[in-house]
Amino acid sequence: MRAELLTLALIVGAFTWVFRFFPIQFGLGRKAQATRLGAFFGAIAPSAIATLFIASILPLLGHDGVKNLPLLGGIAGVVGIYWWKNSTIYATVAGAATFGLIFGLIDFMH
Amino acid sequence: MTTKARAFLTGVRGAVPIAAGYVPIAFSFGVAASKLGLTAFEAFMLSLIIYAGAAQFLTLALLASGASLGLSALTLITMNLRHVLYGPSLLGQAQPAQKPRFAWAWAFGLTDEVFAAATADLAQGKVTFSETYMCGLAITSYSAWLLGTLVGALAGATALQFSPMLDAALGFMLPALFLALLLSILQRDQIPVIGVAVLMTVLGTMFASSTVGLLAGMLCGALFGALRFAQKPRVRDAG
């Protein structure tokens with residue numbers, strides 16, 4: 001393995017571990033319960049997941065309406081199956097399958 | 001079966017949707033690394049050591065652009081800064097008597113998806129927080145990520161060329177997982193927080209970069225949640 005690549009991986013890996021572990025080690029969330037800081041940590045979950053979802057779909061958005069159909073279909077697939085089955089597994093797979101199918105159809109028609 | 005074994009298996013079961021998303025995404029990473037000329041061992045080591053999907057894809061982009069080691073490290077570290085928020089949020093849901101003894105181990109696996117899945121399980125009351133549960137969740141997800149990377153890197157650069165449809169479907173696995181997880185924790189009073197997070201993500205991405213968008217969305221959403229917490233007693237007093 002190239003030394004530069006290994007060095008980069010070790011630096012980034014070490015910092016990522018520090019970011020994930022140290023706040024737990026110092027008990028930040030527990031100390032903050034029932035305070036404004038606690039509310040801040042409590043609101044991280046919905047805002048983080050919403051942020052990650054939006055950040056992951058932004059690169060898929062296009063100016064051409066037809067190119068957005070797989071995305072719309074994929075979202076509809078996730079929402080529909082989650083509403084029907086109340087399962088994150090089925091909803092995830094159904095959304096990805098719908099996205100792929102519509103993408104394939106558009107690709108085939110062009 | 002002991003309580004610990006049951007908690008571990010609950011974690012493993014909770015990781016199934018993550019693994020279903022991780023294997024194809026990590027497979028894509030392995031293929032992309034192979035396209036860039038990395039060996040299967042190098043691709044595998046990146047997943048083994050860094051274990052952060054978006055950062056790993058960005059690593060490939062930085063390598064392709066010829067960025068220096070210092071700039072690449074700084075960019076990737078900044079990108080992963082958001083992980084600081086996850087541990088405290090999870091720990092806030094643990095029993096006060098619980099003291100994490102093995103967080104040094106399971107925290108390594110506290111990725112975006114593991115955090116989201118654990119939060120959803122805890123919010124729905126499917127589990128109570130325990131380190132054994134977190135280990136089950138983290139180890140299964142990590143294994144899926146490593147397996148996907150290895151298979152993708154060994155399959156080589158041309159692995160997904162035969163089916164653009166499959167390639168597209170695999171690329172939508174993580175957005176689909178995030179949306180499903182968001183639906184699973186969604187409560188009416190969180191909608192304004194989510195709205196602020198969405199708005200700030202879009203604005204940050206449009207006017208700065210995707211990394212700024214990520215940090216802006218998470219921090220502004222959480223800050224808005226804290227501000228609303230501060231206002232709630234006043235509303236009650238007024239009523």
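Mentor: Axes are lines fitted to C-alpha atoms, for helices over the stretch in contact, and angles run from 0 to 180 degrees between N-to-C directions. This is a predicted model, in which local features need pLDDT of at least 70 and side-chain atom pairs count only at pLDDT 80 or more, whereas totals for chains, interfaces and linings use all residues. Residues are numbered from 1 along each chain as its sequence is written, while chains are lettered from A and ligands numbered from 1 in the order in which they are written.

Trainee: Why is H3(A) called roughly antiparallel to H11(B)?

Mentor: Helix H3 (residues 36-57) of chain A packs against helix H11 (residues 173-185) of chain B at an angle of about 150°, and their axes are 9 Å apart. H3(A) is therefore roughly antiparallel to H11(B) (under 35 degrees is roughly parallel, over 145 roughly antiparallel, 65 to 115 roughly perpendicular and the rest oblique). The helices are DSSP runs (H or I, at least four residues; strands are E, at least two), numbered from the N terminus.

Trainee: Which residues make the contact between H3(A) and H11(B)?

Mentor: On H3(A), they are Ala45(A), Pro46(A), Ile49(A), Ala50(A), Leu52(A), Phe53(A), Ser56(A) and Ile57(A). H11(B) supplies Leu174(B), Pro175(B), Phe178(B), Leu179(B), Leu181(B), Leu182(B) and Ile185(B). Two residues are in contact if their C-beta atoms, placed from the backbone, lie within 7 Å. By class, the contact of H3(A) with H11(B) has 14 nonpolar residues, one polar and no charged (Ala, Val, Leu, Ile, Met, Phe, Trp, Tyr, Cys and Pro are nonpolar, Asp, Glu, Lys and Arg charged, and the others, Gly among them, polar).

Trainee: What is the handedness of the crossing of H3(A) with H11(B), and of H5(A) with H11(B)?

Mentor: H3(A) passes H11(B) in a left-handed crossing, whereas H5(A) passes H11(B) in a right-handed crossing. A crossing is left-handed if the near helix is turned anticlockwise from the far one by less than a right angle, and right-handed if clockwise. H5(A) and H11(B) pack at an angle of about 140°, with their axes 8 Å apart. Among the residues in that contact are Gly95(A) and Ala96(A) of H5(A), and Ala176(B) and Ala180(B) of H11(B). Eight residues of the contact of H5(A) with H11(B) are nonpolar, four are polar and none is charged.

Trainee: How many residues does each chain give to the contact of chain A with chain B?

Mentor: Chain A gives 66 residues and chain B gives 80. On the side of chain A, H3(A) provides the largest share, 21 residues. That side of chain A holds 43 nonpolar, 18 polar and five charged residues.

Trainee: Within chain B, what makes H4(B) and H5(B) roughly antiparallel?

Mentor: Helix H4 (residues 53-65) and helix H5 (residues 69-79) of chain B pack at an angle of about 160°, with their axes 10 Å apart. H4(B) and H5(B) are therefore roughly antiparallel to each other. H4(B) passes H5(B) in a right-handed crossing.

Trainee: How do you know that Tyr51(B) is buried?

Mentor: Tyr51(B) has 25 other C-beta atoms within 10 Å, so Tyr51(B) is buried (a residue is buried if 20 or more other C-beta atoms lie within 10 Å of its own, exposed if 12 or fewer, and partly exposed in between, with C-beta atoms placed from the backbone). Tyr51(B) lies in the loop between helix H3 (40-49) and H4 of chain B. Apart from neighbours within four places in sequence, Tyr51(B) is in contact with Phe108(B), Thr111(B), Tyr142(B) and Trp145(B).

Trainee: What is the phi of Tyr51(B)?

Mentor: Tyr51(B) is not a glycine, yet its phi is positive, about 45°. Most residues other than glycine have a negative phi.

Trainee: Why does Met134(B) count as buried?

Mentor: Met134(B) has 27 C-beta neighbours inside 10 Å and therefore counts as buried. Met134(B) belongs to helix H9 (residues 131-155) of chain B. Leaving aside neighbours within four places in sequence, its contacts are Gly11(B), Trp106(B) and Ala118(B).

Trainee: Where do the domains of each chain lie?

Mentor: Chain A is divided into domain 1 (1-60) and domain 2 (63-110), and chain B into domain 1 (3-186) and domain 2 (187-239). These bounds come from an automatic or database domain assignment. The C-alpha centres of the two domains lie 29 Å apart in chain A and 25 Å apart in chain B. In chain B, six residues of domain 1 are in contact with six residues of domain 2.
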